[in-house]
Structure formats: structure tokens, C-alpha cells
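This report describes a few strands and how they pair. Please look at the sequence and the structure before reading on.

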Amino acid sequence: MAASPKPSLSAGDLAHIDGQLAATDRLLEQNYPGDDGSRQPVHTVYVPADRFTPSFAADWGAQALATAEAHGGFERLGSLLGQDAGLAEAVAPRVEAKLSSEPIEDLRLDFEDGFGDRGDDAEDAAAVTAASAVAKAVAAGSAPPFIGIRFKCFEAPTRARGLRTLDLFVSGLAAAGELPEGLVLTLPKVTTVAQVQAMDYAVSRLEEVHSLPSGRLRFEVQVETPQLILGPEGTSPVAQLPHAVPGRISGLHYGTYDYSASLQISAEYQSMEHPVADFAKEVMQLAVAGTGIRLSDGSTNIIPVGDNVENAWQLHGRLVRRSLERGYYQGWDLHPAQLPSRFAATYAFYREGLPAAAARLRNYVERTEGGVMDEPATARALAAFVLRGVQCGAVGAEEVQALAGVGLPQLTALAHPRLATTSNS
């Protein structure tokens, strides 16, 4: 009988390979940490900054509920969105409860396009007032879980104004006490990596001035210009962003109308589903894969008002579903009447997919042979899908326990195993 073969590579060979790959190991560890497992809002609502009050979210929820009631209720809305009777019946009470308790998940007080140029004195006053109002809403428990501002871009004509508004708002919050846990800052109309590096410097200085922990002030980048997708050297600046300011960017948000207009798409055809939009969003997905940076789709400007409510709901619901199917789990809403279709389409997406995803997860966890043999990567995707459904309120943790046989801690560990490994080390 032949002797078993012995390894041919020596310890020195393995050490040499480790040395060759040390830089790769550092890159993967530092620049590709993966998603952190925290909640991602399903939408962002934009409102001119001076219109915000502590009751703003509740007011929008009431308007959304009234619109739904005036048009036949939530089961009728589900039918308009193509849901069968059973699904519409399951979704309706959840959407109604959502609009009553947490109608806005993420709110951005807008000092950019939605505010315009009103002069420095008016914007200074509005920035100070906004900080005070946000602090009061957070203290009263009436603020959305995620809240912040979009200030003017870092192009030369508006740079100083944008920085001043950012400074006044953050400084006002810091003076009022602890910053909101869900604070979000949005940098619009980015064209170069240098603008993002400038933002990194600005928030780093604000952290120093206000004795905040390093990295506390993260920010979103709005992808609204073709120069960020394809730069002058033929490279993709958006792909460089996560590595130019590691850990600082929280999200990339696609800007439907600025981006489309920059490519000379006529107004009638500017849409979240235009081919130029799909291309940009695919590049964005590739750019941040594995980095932990979240993605958000844009908005539709077809608003459910007047005689157009039901048609606009159908369009909005279809676009929300389309984004979800393509891995964009967040989008923008511009009007309270868009909230019913946002949550109805989102909840239907997760509830429709829950039985199959939960069954496959159970098979994977229990090592049961089923019709599909899932690998660990697919199991992560299944668990992440179910976890998102729980986090947004589409499904309950008790339903997941019954269907998949896993509780929320195990579900989170399955969705984000690297996070679980790090927390246990």
C-alpha cells in the first residue's frame, strides 16, 4: 500500500505567501467590512428645511391615512398594486399601523433645491431654527428614527454657503446636547473624489471642535452627475469614494432628475427606470459591494393628488417593487400621499417572499435536504432578506421563528456572520 503523500510546501513557503498577500488582507479587512446589520430605512422623505416642526412626521402620517381612506382603504390599495386578496388583507393592517406609529423612517430637511437661495441671513436663521426643532423633536420622541439635513453642494458658487449651513446645524445640535443617534448629513451634486475628501475634512474638524468621537459624523453622497460615474481619465470616481475616506460614507443616493438632465434626457422620459438610471445604479452597486455603504434609489415626481391618485399609486408601487427586486432597499418620497404606496409595495415584497425564504433557511440551518441546496452565500442573502422584512415591520419576529425556526439573534448572525464573529472575538 502506497504511503500517504506529505505536503510539499514548507512553512517558509506559506510565510512567503502570507507576506505577498498581507496588503490584500489589510484591504479586505479595512475597506470591505460588509454591512453592519443595523436597520436601513426603506425611504427618505425630503422637505424644505423651514417647513419642519416636531409634529411633521405625525402630520404626514395623518395625511397619508386620510388619502388612503378617501380612496377605498388599504386593501383596495393592495389590489391596485396587483396584490391578491390574501396578501392585501395581510399587508393592509400593517401599513395602517405603520402610518399611525412611524410614517417617516428617514427625514431630510432640505437646504438645497427644496430651499433655494433666500440670502445668507434667511438661511442662517433657518439652519439655527432647524437644529433647535430637530433637538426638540428627538427629545419629545416625535422625530423619525433617522433625521438630518441636505445642504448646498461644494461647487464654487455654493460651497461657502453649504459649509456654513452644515456648521450652524451641527453646532446647534451639539449645543443642545447629544447628537441624535440617527443623524444623517447629505452632500449633493458630487462630481469628484476631492469634494468628498473636503467633506471628510469638514466633518472631522466639527468633531474636533465639539469633542465628538472620531467618525461620529458620517454622511451620504448623492450621485447626481455623470462625472461621478465616469471620470475624465476613463475611471469611475464613485468606486474610489469608499477607499478615499474609509468608514466615513454611510450611503450613496441616486438623483433621478439631475442625473437624467445631465445626460440630455428629455423631461418626459426622465425616470428611475430609464436605461441611463439603471446603468448608473449598477455601477454604484459594484462600487460599494462589501464596503457596508448603503444604496438608495431616487424618486418619482408623479404625485398622488387630485384625479391622479390611483394611477400615481400604481406607478409608485411598481417602481418601489422594481427597486427592491434590484437590490435597492431605499428610495425617496416627496409627498405624504406616496407613503401608502411605499409601505404597501414594500411590505408585500417581504411578505410574498417570506414563506419560501424561511423554508430554505430552515433547511439550511437544520441541514435538511430540500428542493434547493443553498450555499452559505445564498443563506446569507436569505437571512438578510428576512431580517430586512422584520426591521421595517413587514413581518414579525414570531412569524420568522415559526416558519424558519430561528430567533432574531440567530437570524442576524446568519445574515451578517462576520459581524457575529467580530462581536464574539
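How many residues of strand 1 (residues 43-48) are buried?

## Strand 1

The model is predicted. In strand 1, six of six residues are buried, so that the strand is mostly covered by the definition of under 20% relative accessible area. His43, Val45 and Val47 point one way from the strand, and Thr44, Tyr46 and Pro48 point the other way.

Strand 1 has two parallel partners described here. With strand 8 (residues 331-333) it pairs over three bridges, and His43 stands opposite Gly331 of strand 8. With strand 2 (residues 106-110) strand 1 pairs over four bridges; there, Pro48 has Asp110 as its bridge partner.

## Strand 4

Strand 4 (residues 183-187) is also mostly covered, with five of its five residues buried. Leu183, Leu185 and Leu187 point to one side, while Val184 and Thr186 point to the other. Residues on both sides are buried.

## Neighbours of strand 4

Strand 3 (residues 146-150) runs parallel to strand 4 and is joined to strand 4 by four bridges. Within this pairing, Leu185 of strand 4 has Ile149 opposite. Helix 7 (residues 159-176) belongs with these two strands to a right-handed β-α-β unit.

Strand 5 (residues 219-223) also pairs with strand 4 in the parallel sense, over three bridges. Here Glu220 of strand 5 stands opposite Thr186. Strand 4, helix 8 (residues 193-209) and strand 5 form another right-handed β-α-β unit.

Conventions. Residues are numbered from 1 along each chain as its sequence is written. This is a predicted model: local features need pLDDT of at least 70, side-chain atom pairs count only at pLDDT 80 or more; totals for chains, interfaces and linings use all residues. Side-chain values use heavy atoms; hydrogens and water are left out. Buried means under 20% relative accessible area, exposed over 50%, partly exposed in between (1.4 Å probe, protein chains only). Two strands pair if DSSP finds at least two bridges between them. A crossover is right-handed if, with the strands pointing away from the viewer, the path from the first strand over the helix to the second runs clockwise.
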